[in-house]
Each structure stands twice: as C-alpha cells, then as structure tokens.
Amino acid sequence: MNTNPEPKLPESDLPESAVRRQTLKAFGLFALAATVPIGVYLWIKNSPNLYGAKKPLRRVLDANETIARTYFSNANLVKTYPLDRAAKQPRQNGYDGLRTPLPADWKLHVDRDEQNPLYLTMDDIRTLPKHELVYDFKCVEGWSQIQHWGGARLADFLERYKLGTKPGNASELFEYVGLETPDKGYYVGIDMASALHSQTLLAYELNGQPISNAHGAPVRLIIPHKYGVKNLKRIGRIFFSDTRPRDFWAERGYDYYLGL
Ligand SMILES: Nc1nc2c(c(=O)[nH]1)N[C@H]1C(S)=C(S)[C@@H](COP(=O)(O)O)O[C@H]1N2
Ligand SMILES: [Mo]
C-alpha cells in the first residue's frame, strides 16, 4: 500500500524510451520483490551469526547474505520521522483480549518446548537494549498515525533466550511465531522473517511512558511492516510453529500476512 506515491508524468508525455525504462523498472522491482524475501529467509535460516550455524555455510550464502543485508539496512526499513511529529494523543483501537483485567501475576509465557516453558518479567525484557521507533502506524480500517514506540527488538529477545529454533538444531528456525493475550481473546501469527526484522519490537513504551492498558500494557507487539491488526496488545504467551498459528482477523476473512 503506497500512501506516498511519487509524482508521475502522464504516460503520453513520456518519450518511448522513458516508457520502456519505466516498464523495466517496474519489472525489476517485481523481480526484486520476488527474490529478496527468499534471500532474507535463507540468510536468517542459515546465518552464521544467528543461533550459531556452522561456518562452511557462509561461503554458499554470501550472495544471499549481501542481498539480505541490503534489504534490511535500507530498502526494507519503514520510513521513520522526527520525534516531534509523533501524535501526542495516540489513537486507540481494538479491545479483544483486553476486556478481562490484566492478571496481577502477569508474566510473559514463552513456549520453548513442552517440558520447560519460560516465564519472564518486564524487568527481564527491559534488560535487552531499548530501541525507539517513530513511524506511521497503519490500520486496515483506513487510518494511520505517526507514533513513538519504545521497546526491545523481538530478534534480540529471541536470540537472548535461544528461542524460535528447532529442538536439537539451533540453526533451524520455526516458520512462524504465535502470540496471544493472557485470556486468549486475541491472537496473531507472524512469519519468522517479519518477526526477526530489526524494526519489530516488544514495545513497552509509548511517547516515552509505560504503555497504558488500552494500548497493550505491559508489553505489545509493534511490527511496522504489517497492518495494525498484527500488532497484538497485551502479550500473554509466545510460541513457535511450522504451521500457521491461528489468527483472529485471518479467521474473519483478512489476509494472513497483511504486509505493507
Ligand atoms: N489484544 C488486542 N490487540 C490488538 C487489537 C485488539 O483488538 N486486541 N486490535 C488491533 C488493531 S485492529 C489495531 S489498529 C491496533 C490498535 O492499537 P492501538 O490501540 O494502540 O492504537 O491494535 C491491534 N492489536
Ligand atoms: Mo486495526
């Protein structure tokens, strides 16, 4: 969804060579869109830096890695804004999974494997490096707003606690991350590549303050490459799977990935 289309000359005003160039450019972008996510996926899946995959993989993957790094470092970063552009009174929308009181003994429940779930506190999450993000939050219902979020990168969190990898094979990642509210009233599934994106946050601050209940206290997902519906508020449990985790709005007819 391109909300900021570049101004474009009417086709008829363009000489033929320019039209061809445009077409080629469009084709090139299409080809890039088709190939890059695979590069990203392979890079993530096999990166020697992530989860300790073996060195020999490196040479084979150099090409993909180059593509992936470029992809992550600029092309695929959502646009960010100066702090003073952020809404002072951020909009609120969607209260599924928030209508029951936040459990007083809330802990983030993470399924590593069936035998030993992890239970983490906000203090644990706050020990990870904090990242701030000012970007245009978009809801599928047609509104968007520049907002200022802060929290830990989901990628850092997964790496720190050795999460998301297959039991007995630390170099292989599950395909999906599932998240749900403590009362299971709202739930989403996210593809692993999007979960590991550097702008995907476990957010616990909005405008520099702890986030309110309505915005998803104590911690919510901020995943700027996806529409609002995937940005689950009040995370209760996180789990990993190779099949698509159930997803509240996908069950009600929306696209599963909802990428921007
Ligand atoms: N738990 C929960 N998270 C949710 C929702 C919800 O109903 N319940 N709605 C989603 C939708 S549709 C949007 S647009 C955003 C809104 O987040 P906000 O209230 O912080 O603006 O939260 C998303 N996360
Ligand atoms: Mo939304």
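This is a predicted model: local features need pLDDT of at least 70, side-chain atom pairs count only at pLDDT 80 or more; totals for chains, interfaces and linings use all residues.

**Arginine 234**

I started with arginine 234, which is buried, its relative accessible area being 3%. I counted that as buried because the cut-off is under 20%. Its place is the loop between β11 and β12 (237–241). I then checked the backbone: phi of arginine 234 is positive, about 55 degrees, although the residue is not a glycine. I flagged that because most residues other than glycine have a negative phi.

The mean pLDDT of the chain is 81, and 71% of the residues reach 70 or more. Residues 1–39 stay under 50, and for them the model has 14 contacts beyond four places in sequence. The pLDDT is also below 50 over residues 46–64, a stretch with 28 contacts in the model beyond near neighbours in sequence. I leave both stretches out of the detailed look.

**Overall layout**

I noted 5 helices and 12 strands for the chain. Of its 260 residues, 46% are buried. The chain exposes about 14000 Å², and carbon and sulfur atoms supply 54% of that. I also looked at contact range: among contacts between residues at least 6 apart in sequence, 68% join residues at least 24 apart.

Where else is phi positive in a residue other than glycine? I found leucine 258, with phi near 50 degrees. Leucine 258 sits in the segment after β12, and at 7% relative accessibility it counts as buried.

Next I went through the peptide bonds. The one from alanine 217 to proline 218 is cis, with omega near 0 degrees. Proline 218 belongs to the loop between β10 (209–210) and β11 (220–222).

**Ligand 1**

Which residues come closest to ligand 1? I count 20 residues around the ligand, and the closest are Arg91, Asp96, His215, Arg220 and Lys233. A backbone N or O atom of aspartate 96 is 2.7 Å from a nitrogen atom of ligand 1. In histidine 215, an N or O atom of the side chain lies 2.7 Å from an oxygen atom of the ligand. For glycine 94, a backbone N or O atom is 3.4 Å from a ligand oxygen. As for cover, ligand 1 has 530 Å² of accessible area on its own, and the protein covers 98% of that.

**Nonpolar cores**

I looked up the largest nonpolar core next. It has 39 residues, and Phe157 and Ile238 touch the most other members. Helix α4 (residues 154–160) gives the largest share of this core, 4 residues. There is a second, separate core of 13 residues, with Val78, Trp149, Leu206 and Ala217 among them. Nonpolar side chains tend to be buried together in soluble globular proteins.

I listed the contacts of isoleucine 238, leaving aside neighbours within four places in sequence: Leu108, His109, Val110, Asp111, Phe157, Val177, Gly178, Leu179 and Leu202.

Leucine 206 counts as buried at 8% relative accessibility. Beyond four places in sequence, its contacts are Pro90, His148, Trp149, Ile211 and His215.

**Arginine 237**

What does the side chain of arginine 237 pair with? I found a polar contact of 2.7 Å to the side chain of aspartate 111, and one of 3.0 Å to the side chain of glutamate 180. Arginine 237 is in strand β12. Its contacts outside four places in sequence include Leu108, His109, Gly178, Leu179 and Lys184.

**Histidine 197**

Last entry: is histidine 197 buried or exposed? It is buried, with a relative accessible area of 3%. Histidine 197 sits in the loop between α5 (192–195) and β9 (201–206). Its side chain reaches the backbone nitrogen of glutamine 199 at 2.9 Å.

Note on methods: Residues are numbered from 1 along each chain as its sequence is written. Chains are lettered from A and ligands numbered from 1 in the order in which they are written. Side-chain values use heavy atoms; hydrogens and water are left out. pLDDT is the predictor's confidence in each residue, from 0 to 100. Contact means heavy atoms within 4.5 Å. Helices (H or I, at least four residues) and strands (E, at least two) are DSSP runs, numbered from the N terminus. Buried means under 20% relative accessible area, exposed over 50%, partly exposed in between (1.4 Å probe, protein chains only). A residue is near a molecule or strand if one of its heavy atoms lies within 4 Å of it. A polar contact is a pair of N or O atoms within 3.5 Å; within protein, one must be able to donate a hydrogen and the other to accept it, and residues adjacent in sequence count only if both atoms are side-chain atoms. Accessible areas come from the Shrake-Rupley method with a 1.4 Å probe; for residues, only the protein chains shown count as cover. A nonpolar core is a set of buried Ala, Val, Leu, Ile, Met, Phe, Trp, Tyr and Cys residues joined through side-chain atoms within 4.5 Å.
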